[in-house]
Amino acid sequence: MNTTLLPPQDLQDGTSPGPASSPQTQELDVHAGWVRSGVDDKKGHKAYYINLEAKPGMGDKVEQFMRDILAGVEQEPGTGPWFGCRFSDTTFGIFEAFPDSAARDSHDIGPGGRNFLRSELLDEMLAYPSHIYRLDVMFGKFTTMFGKKITS
């Protein structure tokens, strides 16, 4: 892993388009096929937002890649909720939440997160390295999903 500190204007260089960076200097982990930005310096609920931009004609491969991630995530007790999203033929996103940093760290090395070690596949199907944003979850609604009540 190559960890560097970069000013915000450099965070987007070489990565897929996505949310604007914060005005603070952030940690950037650079890997084959993906980068991760953000800091993990607060307690509380955590999440990732992952932006993936497919090469033209590779949208179906990216969708299958996301299904592979979901199959792994279903084996991870500390990961959830998890959503795979499609914005267009080539633009995809994943939102995944965790109770804390330890669960997010476990996901990174678990069956869902390990999919990002498939660097040859990422290089084949993505126009840019995917960008994984570390997030702090401030609040949310967890009692209803897709119009149905969720029970504990």
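1. Let's start with histidine 131, which lies in strand β7 (residues 130-136); strands here are DSSP runs of E with at least two residues, helices are runs of H or I with at least four, and both are numbered from the N terminus. Histidine 131 counts as buried at 0% relative accessibility, where buried means under 20% relative accessible area, exposed over 50% and partly exposed in between, with a 1.4 Å probe and protein chains only. Its side chain meets that of tyrosine 133 in a polar contact of 3.4 Å. Such a contact is a pair of N or O atoms within 3.5 Å; within protein, one must be able to donate a hydrogen and the other to accept it, and residues adjacent in sequence count only if both atoms are side-chain atoms.

2. A friendly word on the basis: this is a predicted model, in which local features need pLDDT of at least 70 and side-chain atom pairs count only at pLDDT 80 or more, while totals for chains, interfaces and linings use all residues. Residues are numbered from 1 along each chain as its sequence is written, and side-chain values use heavy atoms, with hydrogens and water left out.

3. Now the rings. Those of Phe, Tyr and Trp (its six-membered ring) pair if their centres lie within 6.5 Å; planes under 30 degrees apart count as stacked, over 60 as edge-to-face and the rest as tilted. The count comes to 5 aromatic pairs. One of them joins tyrosine 48 and phenylalanine 98 edge-to-face, at 5.8 Å centre to centre and 80 degrees between the planes. Tyrosine 48 sits in strand β4 (residues 46-53) and phenylalanine 98 in strand β6 (residues 91-98), 50 residues apart. Both residues are buried.

4. Phenylalanine 83 and phenylalanine 146 also pair edge-to-face, with 6.1 Å between centres and 80 degrees between planes. Phenylalanine 83 belongs to strand β5 (residues 82-86) and phenylalanine 146 to the loop between β8 (144-145) and β9 (148-149), so this pair ties together parts 63 residues apart in sequence. Phenylalanine 83 is partly exposed, at 27% relative accessible area, whereas phenylalanine 146 counts as exposed at 71%.

5. Have a look at Trp34, Phe65 and Phe116 too: ring pairs link them into a cluster.

6. Tyrosine 48 has another neighbour worth a glance: arginine 104 lies over its face, at 5.1 Å from the ring centre. For this, NZ of Lys or CZ of Arg must be within 6 Å of the ring centre and within 35 degrees of the ring normal.
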